[in-house]
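Hello,

Here is the structure to look through.

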Amino acid sequence: MKRVTTYLLLALGLLVLQTSLFPRVLPFSLKPDLLLILVIYLGLKEEIPRGGCVALVLGCMQDVFAGTAVGLFGFVLLMTFLGVRALADRLNTESSLLLLFLTCCGTLFESGLLLFTMVLFAEPGPVWQVLLERLLPQVAINLAAALVMLRIALWIQRRRDAQVGDRVLQYLDNRYEH
């Protein structure tokens, strides 16, 4: 329960950054999808019942903050979690390079799934053109955000382990400490 609460509080902070601060600070309309990066981390580290519920709640939170169709991001983030979870048993989940690679793949998967669901359930209009035009810049900005989040997570883990010794979040390797 402590870990779920930590994920939800972290997601709330990331969501506020993503929806309130980044649109005012970043020069373009592109902004990093921080919840997607968190869901990919969940896919690598958590089991399906806990991680799936958290991913669904995170998507619903994103729908409340910035969604136009209720449940769309809940569905997309849950499918992203399940896709990463299906691969996680076959991969070295301790590697931070894997998180960066999956951030690229997850961004492509999320955009494809958003486009598919919009075509299937609604008239997408010119949205598909906007999604395709912004796909590569979105991959780049998500990759940069994942790299920054890795550095911050490693810094927090080192400080927390020195104080408490109890790990709430599991370790990633220290490849990006320097």
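pLDDT is the predictor's confidence in each residue, from 0 to 100; helices are DSSP runs of H or I with at least four residues, numbered from the N terminus. Over the protein the mean is 83, with 89% of residues at 70 or more.

This is a predicted model: local features need pLDDT of at least 70 and side-chain atom pairs 80 or more, while totals for chains, interfaces and linings use all residues. Residues are numbered from 1 along each chain as its sequence is written, and side-chain values use heavy atoms, without hydrogens and water.

Helix H1 (residues 2-25) packs against helix H2 (residues 34-45) at about 155°, axes 9 Å apart. Axes are lines fitted to C-alpha atoms over the stretch in contact, and angles run from 0 to 180 degrees between N-to-C directions. The pair is therefore roughly antiparallel, a term for angles over 145 degrees. Residues in contact (heavy atoms within 4.5 Å) include Leu-10 and Phe-22 in H1 and Leu-38 and Tyr-41 in H2. The contact has 12 nonpolar residues, 1 polar and no charged; Ala, Val, Leu, Ile, Met, Phe, Trp, Tyr, Cys and Pro count as nonpolar, Asp, Glu, Lys and Arg as charged, the others as polar.

Regards

Conventions:
Helix = DSSP H or I, 4+ residues; strand = E, 2+ residues; numbered from the N terminus. Parallel < 35°, antiparallel > 145°, perpendicular 65-115°, else oblique.
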